[in-house]
Amino acid sequence: CTLRERCRTRASMLPVLWLLVALTPSGSITDFLGAPPVFGTVSSSIEQGAAMIDQSGCGLVLRRLTAEFGEDPVVLELGTGTSMLTSWILARTKARVITLTVKEAAAVGHPRIHAVSTKGFSALGKRAGELVGRAGLVLLQPTVFKKAAAGSKNANGALRRVAQLGAPVVGALLTDRSEEIPFDAIAAVGPALGVLNGFEVELPCWSTRCPPESIMRYPLGMGLVMILKDEASGIRETLESVVPAVDGVVLLDTGSTDGTVEVIEEFFRAHPELHTELHHGEFVDFSTTRNEVLRLAGQRFELLLMLSGDEVVVNPENL
């Protein structure tokens with residue numbers, strides 16, 4: 001996507017279910033691909049995980065990318081074992097999954113998963129190279145791109161091998177311990193994957209392929225989003241500081257009792273040229289509440305600026 005035609009970003013509050021799918025023993029990728037795929041019903045736990053993915057932005061990404069699958073598709077997963085995305089692939093497609101791990105694979109198998117243990121990221125990248133021309137999709141676990149973003153040469157080398165496959169890459173922004181991965185980690189792995197400004201983010205997932213249908217002209221340019229509670233003393237200064245730069249303001253108040261709401265309403269009346277929204281809700285935790293205010297902003301803005309109530313923008317005309 002170009003700088004002025006960015007891929008959409010959608011927030012989704014997803015109760016994440018990480019499934020531990022049993023893996024086959026390490027062995028020959030060639031033998032696995034040479035044998036006919038074995039199909040059957042999926043377990044209730046896998047179906048449950050797939051249903052939860054369907055309700056999130058991850059489902060949007062996966063449905064679009066797997067619609068491009070040909071006959072007998074192959075999905076490559078890189079990391080330390082299977083991820084939450086694997087359940088969706090097994091339940092919603094007929095793809096076979098090859099999981100390259102950097103730890104010992106489990107011994108019991110699912111008929112459409114083949115796990116191969118490797119000794120480190122360098123070896124993992126070499127094994128990934130065996131799937132040039134075969135992989136229709138790559139699932140990249142947070143473990144790999146966190147290490148790559150931190151500057152690991154071996155992890156970045158593995159990603160360069162993945163880029164040679166020519167397949168879109170999908171990753172999750174949550175670890176198996178529900179730890180969030182910062183957005184800048186995605187950008188940091190861009191050079192290794194050969195992607196500079198073509199990421200799509202549909203929380204809690206990201207993809208390297210920016211689809212034509214998601215390249216859109218947004219009704220508004222930049223929007224300010226904020227989570228507020230009892231910010232009456234400084235909120236007016238914060239809001240006024242961004243007026244030259246933004247086209248709209250979407251605020252989520254989580255229970256102010258000090259007059260914050262009245263200050264905001266007064267600001268809204270003073271700036272009829274702005275698109276303005278004030279919502280009320282409960283503060284759950286920062287991650288959940290942030291995702292909620294992003295959801296409320298929806299697809300109105302090309303860019304979103306998020307500030308705290310004690311921050312102001314200096315030289316907003318330069319944004």
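**Buried helices and local contacts in a predicted model**

Leaving aside neighbours within four places in sequence, serine 241 is in contact with Val312, Val313 and Pro316, contact meaning heavy atoms within 4.5 Å. The structure is a predicted model, in which local features need pLDDT of at least 70 and side-chain atom pairs count only at pLDDT 80 or more, whereas totals for chains, interfaces and linings use all residues. Residues are numbered from 1 along each chain as its sequence is written, and side-chain values use heavy atoms, with hydrogens and water left out.

Serine 241 is found in helix H9 (residues 235-242); helices (H or I, at least four residues) and strands (E, at least two) are DSSP runs numbered from the N terminus. With a relative accessibility of 13%, serine 241 counts as buried, where buried means under 20% relative accessible area, exposed over 50%, and partly exposed in between (1.4 Å probe, protein chains only). Its side chain reaches the backbone oxygen of threonine 238 at 2.7 Å.

For the protein as a whole, 11 helices and 12 strands are assigned, and 51% of the 319 residues count as buried. Among contacts between residues at least 6 apart in sequence, 76% join residues at least 24 apart. The accessible surface comes to about 14600 Å², of which 52% belongs to carbon and sulfur atoms; these areas come from the Shrake-Rupley method with a 1.4 Å probe, and for residues only the protein chains shown count as cover.

Helix H3 is mostly covered, eight of its 10 residues being buried, namely Gly57, Cys58, Gly59, Val61, Leu62, Arg64, Leu65 and Thr66. The N-terminal end of H3 is capped by serine 56, a side-chain oxygen of which lies 3.1 Å from the backbone nitrogen of cysteine 58. The buried residues of H4 are Met84, Leu85, Thr86, Ser87, Trp88, Ile89 and Leu90.

A further helix pair is formed by H5 (residues 121-128) and H7 (residues 153-163), which pack at an angle of about 5 degrees with their axes 8 Å apart; axes are lines fitted to C-alpha atoms, for helices over the stretch in contact, and angles run from 0 to 180 degrees between N-to-C directions. That angle makes H5 roughly parallel to H7, the term applying to angles under 35 degrees, while those over 145 count as roughly antiparallel, 65 to 115 as roughly perpendicular and the rest as oblique. The contact is made by Phe121, Ser122, Leu124, Gly125 and Lys126 on the H5 side and by Asn154, Ala155, Ala158 and Arg161 on the H7 side. By class, four nonpolar, three polar and two charged residues take part, with Ala, Val, Leu, Ile, Met, Phe, Trp, Tyr, Cys and Pro counted as nonpolar, Asp, Glu, Lys and Arg as charged, and the others, Gly among them, as polar.

Histidine 271 lies in the loop between helix H10 (260-270) and strand E11 (275-280) and, at 11% relative accessibility, counts as buried. Not counting residues up to four places away in sequence, histidine 271 touches Glu240 and Val243. With glutamate 240, the histidine 271 side chain makes a polar contact to the side chain at 3.1 Å, a polar contact being a pair of N or O atoms within 3.5 Å, of which, within protein, one must be able to donate a hydrogen and the other to accept it, and for which residues adjacent in sequence count only if both atoms are side-chain atoms. The C-alpha atoms of histidine 271 and valine 243 are separated by 8.6 Å, although these residues stand 28 apart along the chain.

Alanine 149, in helix H6 (residues 142-149), is partly exposed at 30% relative accessibility. Beyond residues up to four places away in sequence, alanine 149 touches Ala185, Ala188 and Val189, and its C-alpha atom is separated by 7.6 Å from that of isoleucine 186, 37 residues apart along the chain.

Backbone geometry was also examined. Aspartate 72, in the loop between helix H3 (57-66) and strand E2 (74-79), has a positive phi of about 55 degrees although it is not a glycine, and its relative accessible area of 29% places it as partly exposed. Asparagine 315, located in the segment after strand E12 (301-306), likewise has a positive phi of about 55 degrees without being a glycine, and is partly exposed with a relative accessible area of 44%.
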